[in-house]
Amino acid sequence: MTLDREFTMTICGEPARGDLEPLLVVDPATEQVIASAPRAGRGQLDLAVQGARDAQPAWAATPVAERKNVVRQLAGRITEHADELATLLTQEQGKPRTNARTEVVRAAQWIRSLADLEIDDVVVVDDADRVVTVRRVPLGVVGAIVPWNFPVSLALWKVGPALLTGNTIVLKPSPNTPLTGLVLGELARDVVPAGALSVVTGGDELGPWMTAHPGIDKIAFTGSTETGKRVMASAAQHLARVTLELGGNDPAIVMPDVDVAATAEKLFWACFNNSSQYCLATKRLYVHDEIFEEFAHHLARVAADVRIGNGMDEGVQLGPLQNRRQYEVVQDFIAESRERGDEFLVEVPVDHDAGYFVGPVVVGRPPEDSRLVTEEPFGPIVPMLSFTDVDDVVARANDSRYGLGASVWSADYARAEEIARRLGSGVVWVNEVQVLSPFFPMGGHRQSGIGRENGVEGLLEYTNTQSLSVRKGPASAPRQAAARAALR
Ligand code: NAD
């Protein structure tokens, strides 16, 4: 055990050890156990949910300006502890320390920005008889379930909106990366009212317990499409609301008029940043036939200089995959391509004794119906395909069960925008990629998800509408008079 401290859950504002055998947390760069994390029993989840239910009416009645202040204070606490959180994030997740720090600082800034958004009541009728107001009221208790690729930002993307809109929340980090989520809970203890934010960690049993829990009104989930379907089926038993942010298979369409060297470099990082463990990573490169060879050459040039290693080491740009299962999934994709005799346009060997390291791989023109093109490897292997006709490439880009993000690259950005408008995904970029903001929604088309995070649309996902119809004047006065007359 290298981390000399205890990590506890936060249940109703209090530290809590797990009732079950602890989880062991492995550093993916060394494969060493670095810490243990609590494994919640079912009774502890019940306590957290009940605490959230008890705290919710008072939290919802707290003026919105005060709720915003609490969220800003939480952001402040996180920023103050950014170094500690970043180190922990690298140790449990594997990403380079500078990227980890960026994730933490940006996530804190993100909820600060979300606190600047307003949700207003809308008066839709105001005549001589009545005034009707469409209000946005909280749902109640939110259960947030988070994956292991961006454990801090994806947790705060749920905590911030839930609290701002007057809900209380129980957060469940991934069993692979529980530590940063537990520390977020610790930091919130003296900022957020007891019960309004609990953090519980556990094994594979805890997520299903949450989605089936009748005390939870909404599940905010980020994870794989397969798990998302299970979450939705389970939540349907008590009609809990769901937001599902799921997998992606983002295409990038590269037109022949681009600056090939510059575009290849940008798309290299779009493919491989966070060792490709990113829902919005570019996962299919469609490069015009005219520049195919030159583009591949520049990808290989960028790959040759990449520093892969332990994220704690200075200058490292790509860390290991986060866990052994994911490492094996990616190895299977690589083996399949090799057996098929695909051309490896880029392959970066990694010299290591331990750790789940895989260097970037770009495979040239694998079959369009291969798993590598149709599925999400969620690791550093990317197919590079060619096209000559725009209608054809648009059809191929859209021919996916996923629809999360997409990008189009051309010197003629008006022409690129025309192509972008034909792509079926929740976010489409022209001559840039992976640009997100607290102020516009992101989410999936098709099987990439349901609902949105970020922007006003994202906040509204944490509310019910209530149409409040108020009749002006005393209740049904004419009918009462008629009834009195009938009794006489
Ligand atoms: P995962 O689906 O295996 O797990 C996600 C979370 O769900 C974890 O906390 C896990 O413990 C929990 N879980 C697992 N089974 C559950 C069940 N039956 N009921 C309830 N909860 C359950 O995903 P992962 O492997 O941690 O993350 C990778 C996936 O997440 C990729 O597919 C990626 O594209 C996707 N992702 C999507 C977004 C997005 O915003 N769309 C962002 C990041 C990651």
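How many helices and strands does the protein chain have? I noted 16 helices and 20 strands. A reminder to myself: this is a predicted model.

**Overall build.** I looked up the radius of gyration next and found 25 Å for the protein chain. The globule rule gives 23 Å for 488 residues, which is close, so I wrote the chain down as being as compact as a globular protein of that length. I also took the span of the C-alpha trace along its principal axes, which is about 95 × 55 × 35 Å.

I checked burial: 56% of the 488 residues count as buried, meaning under 20% relative accessible area. For the surface, I got an accessible area of about 20200 Å², and carbon and sulfur atoms hold 50% of that.

**Contacts.** I took the contacts between residues at least 6 apart in sequence and asked what share of them join residues at least 24 apart. My entry reads 73%.

The largest cavity holds about 60 Å³ of space. Its lining has 16 residues, and I listed those closest to the centre: Pro 251, Ala 397, Gly 405, Gly 424 and Ser 425.

Which elements give two or more residues to that lining? I found β12 (250-254), α13 (390-398) and β17 (405-409).

Definitions and conventions. Residues numbered from 1 in each chain as written. Predicted model: local features only at pLDDT ≥ 70, side-chain atom pairs only at ≥ 80, totals over all residues. Heavy atoms only, no water. 1 Å grid on protein atoms, 1.4 Å probe; cavity = no way out; pocket = protein on both sides within 12 Å on 5 of 7 lines; lining within 4 Å. Points joined across faces, edges and corners; volume = space filled by probe spheres on them. Helix = DSSP H or I, 4+ residues; strand = E, 2+ residues; numbered from the N terminus. Rg over C-alpha atoms; globule rule 2.2 N^0.38 Å. Buried < 20%, exposed > 50% of the residue type's maximum accessible area, 1.4 Å probe, protein only. Contact = heavy atoms within 4.5 Å. Areas by Shrake-Rupley, 256 points an atom, 1.4 Å probe, with all protein chains shown as cover.
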